Amino acid sequence: MTATPTSTPRNPSPTALRPALASPLMRLAWHGRNVWHWMARPLTMGVRGIILDDSGAGEGAGDRPASVLLIRHSYVGGWHFPGGGVGKGESLVEAMKREVREEVGLTVESGPQPLGVYARFRHGASDHVAVFVARGWSGTPRADGLEILEARFFPLDRLPEDTSPATRRRIAEFLGKEPLAERW
């Protein structure tokens, strides 16, 4: 018995190409942004949200520890807090709420509390990042599959191995294990 060769379509549909092209295009855009920052040297403001799930924490022996929402991007490695840039005419809190809604589909409902403001000088950028802690939110986290590949809650004491160093530092500061830093 002989095997029949299988054929692949010569012109795959545009929707079939989308996942294959999304990550390389997002990475290219990210590197283009870095070159622009290096040349133009703008001062930018960003936000991050430490979104906590306290359900079950602190109610007695054997409780689950609080969990934190982390995301994995298509264009940069590791796990991070949701967040992004502050738009013109937008407050820091408005920007954080918008970014969380856009990136993971959650609605931050109660007043998020500021943790700190950090200077971040990487890839030619002059960023300042405000970090907020939010406990009151609604919805179910979801990743869009284009910019955000995964969105999940992790116990604060069991973060994934590839959690970014800056994310680990912010969590240690939030937990009172480290003093607040000035730089990201």
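Start with the largest nonpolar core of this predicted model. Select Ile50, Val68, Leu70 and Val131, the residues with the most contacts inside this core of 18 residues. Then colour the elements that give two or more residues to the core: β1 (43-53), β2 (67-73), β6, β7 (126-134) and α3. The largest share comes from β7, which gives 3 residues.

Stay with Ile50 and show its surroundings. Leaving aside residues up to four places away in sequence, Ile50 touches Val68, Phe81, Leu115, Val131, Phe132, Val133, Ala134 and Phe174. Another core, of 16 residues, lies apart from the largest one. To find this other core, select Val47, Ala95, Val108 and Ala130, which are among its residues.

Next, go to His80 in strand β3. Is His80 buried or exposed? His80 has a relative accessible area of 16%, so it counts as buried, the cut-off being under 20%. Turn to its side chain: a polar atom there lies 2.9 Å from the backbone oxygen of Gly77. Now display Leu69, Leu70, Ile71, His73, Ser164 and Thr167; His80 touches these residues when those up to four places away in sequence are not counted. Leu70 was already selected in the first stop, as one of the residues with the most contacts inside the largest core.

The next stops are aromatic rings. The model has 3 aromatic pairs. For one of them, select Trp79 and Phe154, an edge-to-face pair with 4.9 Å from centre to centre and 75° between the planes. Trp79 is in strand β3 (residues 79-80) and Phe154 in strand β9 (residues 148-155), so defined as DSSP runs, and the pair links parts of the chain 75 residues apart. Both Trp79 and Phe154 are buried.

Now select Tyr118 and Trp184. How are the rings of Tyr118 and Trp184 placed, stacked or edge-to-face? Their centres are 5.7 Å apart and their planes stand at 75°, so the pair is edge-to-face. This pair also links distant parts of the chain: Tyr118 belongs to strand β6 (residues 113-120), Trp184 to the segment after α3 (165-174), and 66 residues separate them. Both Tyr118 and Trp184 are buried.

The charged end of Arg170 sits over the ring of Tyr118, 4.0 Å from the ring centre. Arg170 also lies over the face of Trp184, at 5.0 Å from that ring centre. With Arg170 shown, the tour ends.

Terms used:
Residues are numbered from 1 along each chain as its sequence is written. This is a predicted model: local features need pLDDT of at least 70, side-chain atom pairs count only at pLDDT 80 or more; totals for chains, interfaces and linings use all residues. Side-chain values use heavy atoms; hydrogens and water are left out. Rings of Phe, Tyr and Trp (its six-membered ring) pair if their centres lie within 6.5 Å; planes under 30 degrees apart count as stacked, over 60 as edge-to-face and the rest as tilted. Helices (H or I, at least four residues) and strands (E, at least two) are DSSP runs, numbered from the N terminus. Buried means under 20% relative accessible area, exposed over 50%, partly exposed in between (1.4 Å probe, protein chains only). A charge sits over a ring if NZ of Lys or CZ of Arg is within 6 Å of the ring centre and within 35 degrees of the ring normal. A polar contact is a pair of N or O atoms within 3.5 Å; within protein, one must be able to donate a hydrogen and the other to accept it, and residues adjacent in sequence count only if both atoms are side-chain atoms. Contact means heavy atoms within 4.5 Å. A nonpolar core is a set of buried Ala, Val, Leu, Ile, Met, Phe, Trp, Tyr and Cys residues joined through side-chain atoms within 4.5 Å.
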